[in-house]
Amino acid sequence: MDELIRIGISGNSRIDEGAERILAAAQKGEECYKDSLGWLDPSKWAGEEWVERSIQLARKASAIADTFVVIGIGGSNNSVRALLGAVGRKSGMNVVYAGNTLSSYAYRELIESLEGHDFVIDCIAKNFETLEPGVAFRVLRDLLVKRYGKAGASERIFCTGTPGSYFESLAAKEGYAFIPFPEDIGGRYTALSPVHLVPMAAGGADIRELARGAADMAHILRTSPAKENSALLYALARNRFYDEGYRIEMLSAFEPRLRWFYKWWEQLFAESEGKDGKGLFPVASEFSEELHSLGQFIQDGSPILFETFLDVRDPGASVMIPSDDVDDRFGYLDGLTMEMVNRIAEEATIKAHSKRCPCIRLSISEISEYSIGALFYFFAFSCYLSGRILGVNPFDQPGVEEYKKEMFCSLGK
Ligand code: PA5
C-alpha cells in the first residue's frame with residue numbers, strides 16, 4: 001500500500017471482476033470520457049511547462065499589485081481556497097474571492113477591503129455564461145477602470161477561459177491577459193491545471209511541490225493492483241455503505257485549516273455522483289468543535305451516515321499546555337501538549353463513532369503543498385472510480401443547469 005495515504009475501513013469490500021475492470025479502464029482512461037480526462041495524467045496541465053508559466057503569470061501580477069481577486073464559482077474557485085487555506089500564506093499576494101455570491105453586503109465589504117490596495121482580477125469562467133462571475137467581472141472591472149483608467153485596468157485583468165471561445169476574443173480585443181481553461185477538464189477536476197496554478201502561485205504556494213505530490217499519487221494509483229489500490233478501496237467502501245442503506249458521507253478532520261478543502265471535496269462528490277436519483281450526500285465536519293453539535297446526531301440520531309476521517313499525523317506545530325498553581329481541576333493536562341490532546345480526542349472519537357456507524361480512515365503525514373497535491377489527485381481518481389461503480393457519469397452536472405434555466409428566464413436572458 002502506498003505511504004502517501006494510509007487507509008483503514010470498517011469491514012471488507014469484495015473486489016470482484018467488475019471492480020477490477022473499472023479500475024483497469026480508469027487507469028488507462030476511458031475513450032467515452034476522453035473530453036473530461038485531461039487531469040488523469042497531471043503532466044499534461046500541471047507539468048513543468050505549466051508550472052513555470054503559471055509562476056511567471058503570478059509574478060506579472062505581483063509586480064503591479066498586492067491583492068489578487070479570484071473571480072469564479074464552484075470548480076472555478078474551490079481548489080485555490082482549499083490549498084491556500086490549508087498551507088497558510090507564507091509570502092505572496094493577498095488572495096481574495098469574488099464571483100461566488102450575489103450578496104450585495106459581501107460586495108460592499110470586498111470593495112471596501114480593496115481600498116488602499118493595488119489589485120488584479122482573474123475572471124475564471126469555463127463557459128463565461130455563469131451569472132455570479134459575470135456580475136463580479138462587471139463590478140470589479142468598473143472599479144479598476146475608475147481607479148487606473150481603461151489602459152491601466154486592462155493590464156490588471158486576467159481572463160481564464162476556453163480557447164477559441166467568445167471570452168478569448170473579448171480578452172484579445174480589450175488587451176487582457178488570457179489563460180487557457182483546459183477544454184478536456186470540467187471545473188471541479190481542474191485543481192491541477194493553470195486555472196488554479198496561477199492564483200495559487202500568486203498566493204505564495206509552492207505549486208511545483210503541489211504538482212509533484214499529484215504526479216506521485218497519479219503514478220501510484222494508475223499502477224497499483226486492485227487489492228493495493230487505496231482509491232479503489234475507498235470507492236468500493238463508499239459504495240458498499242451506500243448499498244447497505246447509508247445516504248450521507250461525512251468527512252471529518254481535527255485540523256481547521258482543512259475547512260476550505262472540505263468545500264472542494266463536497267463539490268467534487270456532490271456534482272459528480274448526485275444524479276439519476278442516486279448518490280451519497282457529502283457533508284463535512286470540523287472537529288473537535290462540531291463534536292459539540294453534530295456529534296450528538298452522529299452518535300445518537302438517524303442511522304443514515306458513515307464517516308470518513310481525514311487524519312493528519314503531524315500537525316506542523318507543537319504547543320505545550322502550561323500548568324500553574326491555580327487549582328482549575330484540569331490537572332490531568334499537566335505535562336501534555338495540544339498535539340497529544342488533539343490526537344487523543346481523535347482516537348476517542350473514532351472509537352466512539354465506530355460503535356454507531358461505519359468509519360473510513362484516510363491518513364496523511366502532514367499538510368503541505370505536496371500532500372494536498374496528492375490528495376487532490378487521490379479524491380479525483382476515487383471519484384471517477386466511485387461514480388463508475390455507482391453507475392453514473394462522474395463528469396457531467398445536469399442538475400446544476402436547472403436552476404440556471406429558471407434564473408436566466410426570470411432575468412430575461
Ligand atoms: O465543476 C463544474 O463543472 C462546475 O462546478 C463549474 O466549475 C461551475 O459551475 C463554474 O462554471 P464556469 O467556470 O463555467 O462559470
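**Terms and overall shape**

I took helices (H or I, at least four residues) and strands (E, at least two) as DSSP runs, numbered from the N terminus. On that basis I counted 15 helices and 10 strands in the protein. The model is predicted, so I noted that local features need pLDDT of at least 70, that side-chain atom pairs count only at pLDDT 80 or more, and that totals for chains, interfaces and linings use all residues. Residues are numbered from 1 along each chain as its sequence is written, and side-chain values use heavy atoms, with hydrogens and water left out.

Along the principal axes, the C-alpha atoms fill a box of roughly 65 × 65 × 45 Å.

**Surface, contacts and charge**

Buried residues are 52% of the 413 residues. The accessible area, from the Shrake-Rupley method with a 1.4 Å probe, is about 18,700 Å², and carbon and sulfur atoms supply 52% of it.

For contacts I required heavy atoms within 4.5 Å. Of the contacts between residues at least 6 apart in sequence, 79% join residues at least 24 apart.

I counted Lys and Arg as positive and Asp and Glu as negative, leaving out His and the chain ends. Each charge was placed at NZ of Lys, CZ of Arg, CG of Asp or CD of Glu. There are 45 positive and 59 negative side chains, and the centres of the two sets lie 4 Å apart.

**Cores**

A nonpolar core here is a set of buried Ala, Val, Leu, Ile, Met, Phe, Trp, Tyr and Cys residues joined through side-chain atoms within 4.5 Å. The largest has 101 residues, and W39, F376 and F379 have the most contacts inside it. Helix α14 (residues 369-390) gives the most to this core, with 14 residues. Apart from this core I found another, of 22 residues, among them I71, L110, L144 and C159. In soluble globular proteins, nonpolar side chains tend to be buried together.

I then listed the contacts of W39, not counting residues up to four places away in sequence: I185, Y189, Y377, A380, F381, Y384 and F395. S36 sits in the loop between α1 (17-28) and α2 (43-46). S36 counts as buried because its relative accessibility is 17%. I also checked S36 against F408: they are 372 residues apart in sequence and 26 Å apart in space, C-alpha to C-alpha.

**Helix α8**

Helix α8 (residues 194-202) is mostly covered, with nine of its nine residues buried. After α8 comes G204, whose phi is positive, near 95°.

**Helix α13 and R343**

R343 is in helix α13 (residues 338-354). R343 is partly exposed because its relative accessible area is 26%. Beyond four places in sequence, R343 touches D311, V312, R313 and R361. R343 and D314 are 29 residues apart in sequence and 9.9 Å apart in space, C-alpha to C-alpha.

**Loops**

I looked at N100 in the loop between β3 (94-98) and α5 (104-114). Leaving aside neighbours within four places in sequence, N100 is in contact with G72, I73, N77 and R81. The C-alpha atoms of N100 and C383 are separated by 24 Å, and the two residues are 283 apart along the chain.

A cis peptide bond joins F287 and S288, with omega about 10°. S288 lies in the loop between β8 (281-286) and α12 (294-300).

D276 is not a glycine, yet has a positive phi of about 55°. I found D276 in the loop between α11 (259-273) and β8, and D276 is exposed, with a relative accessible area of 60%. R329, also a residue other than glycine, has a positive phi near 65°. R329 is in the loop between β9 (305-314) and α13, and counts as exposed at 73% relative accessibility.

Note on methods
Buried < 20%, exposed > 50% of the residue type's maximum accessible area, 1.4 Å probe, protein only.
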